[in-house]
Amino acid sequence: DHDVSEAFIGQIAVKRTGAGTGEIQFYTSGDNERMQINASGDVGIGVSPSVKLHVKEDNSSDDAQIKVENDGTGDAGIAFLLTGTRGYSMGIDNSDGDKFIIGGDDNAIGTTPYLTIDHSNKNVGIDTTSPSRDFVISNGGAGGIEFGAGDTSSVMSLFNRSNSSYVNLDIEAATIDFLTGTGADKQVSIN
């Protein structure tokens, strides 16, 4: 067990929690436990852990609790993996204009992008790393639906970027209503 009878600035304590089991506790600034590794190998920062990594803060700050930083030319990200089944990654793609990407590869952030946020223009793309309007839903970077918002007009395009052509729109619905203005007055209704 750790000794709190005298002042100290930091300490690592090994605590017996049962017959042949224990945990490691890390203390700073007196008797303030900051981190612990329990008998199951779970790590807790600011909390006694019940999962492999548990981070807890108890204050009113808006600051992030976990920061992933890369000071070199690589990406800053995290990966998720179901062994032998599926992997995902998310983070900042340093080699593609520092875009934030969520992708379907547990090793490289920009290889199989599913969602992209381009910080240079704040555009968001699904299945594309180059969203050319505010919000783009693509089928792998070629055809898709693009939405753009403006002060006096907005646009919805069905456009194929691979061959610079517009594509058809098929709508399956019971009724389609087109409205204008701020009221709910129908201008056109198609049944």
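This is a predicted model: local features need pLDDT of at least 70, side-chain atom pairs count only at pLDDT 80 or more; totals for chains, interfaces and linings use all residues.

Trainee: How many salt bridges does a search of the whole structure find?

Mentor: The general idea comes before the count. Side chains of opposite charge can pair when their charged atoms come close. Here the search of the whole structure finds three salt bridges.

Trainee: Which residue forms a salt bridge with K52?

Mentor: The partner is D42, and the closest N and O atoms are 3.3 Å apart. This pair links distant parts of the chain, ten residues apart: K52 is in the loop between β4 (43-45) and β5, and D42 is in the loop between β3 (32-37) and β4.

Trainee: Is D42 buried or exposed?

Mentor: Buried means under 20% relative accessible area, and exposed means over 50%. D42 has 9% relative accessibility, so D42 counts as buried. K52 has 56%, so K52 counts as exposed.

Trainee: What does R133 pair with?

Mentor: R133 forms a salt bridge with E146, with 3.2 Å between the closest N and O atoms. R133 lies in the loop between β10 and β11 (135-138), while E146 lies in strand β12 (residues 143-148), so the pair ties together parts that are 13 residues apart in sequence. E146 is buried, at a relative accessible area of 3%, and R133 is partly exposed, at 27%.

Trainee: And the salt bridge of D96: which residue is the partner?

Mentor: D96 pairs with K99, the closest N and O atoms being 3.4 Å apart. K99 counts as buried at 8% relative accessibility, whereas D96 is partly exposed at 23%.

Trainee: Now contacts. Which residues does N123 touch, leaving out those up to four places away in sequence?

Mentor: N123 touches T116, I117, D118, P131, S132, R133 and D134. N123 is in strand β10 (residues 123-126) and counts as buried, because its relative accessibility is 5%.

Trainee: Last, patches. Which residues form the negative surface patch?

Mentor: That patch is made by E57, D58, D62 and D63. One of them, D62, sits in the loop between β5 (53-55) and β6 (76-82) and is exposed, with a relative accessible area of 79%.

Trainee: Which residues form the nonpolar patch?

Mentor: The nonpolar surface patch consists of I45, L53, I66, V68, I78, F80, Y88 and Y114, together about 710 Å² of accessible area. V68 is in the loop between β5 and β6 and counts as partly exposed at 41% relative accessibility.

Definitions and conventions: Residues are numbered from 1 along each chain as its sequence is written. Side-chain values use heavy atoms; hydrogens and water are left out. Patches are made of residues with over 30% relative accessible area and no salt bridge: like charges are joined within 9 Å, nonpolar side chains (Val, Leu, Ile, Met, Phe, Trp, Tyr) within 5 Å. Accessible areas come from the Shrake-Rupley method with a 1.4 Å probe; for residues, only the protein chains shown count as cover. A salt bridge is a side-chain nitrogen of Lys or Arg within 4 Å of a carboxyl oxygen of Asp or Glu. Lys and Arg count as positive and Asp and Glu as negative; His and the chain ends are not counted. The place of a charge is taken as NZ of Lys, CZ of Arg, CG of Asp or CD of Glu. Helices (H or I, at least four residues) and strands (E, at least two) are DSSP runs, numbered from the N terminus. Buried means under 20% relative accessible area, exposed over 50%, partly exposed in between (1.4 Å probe, protein chains only). Contact means heavy atoms within 4.5 Å.
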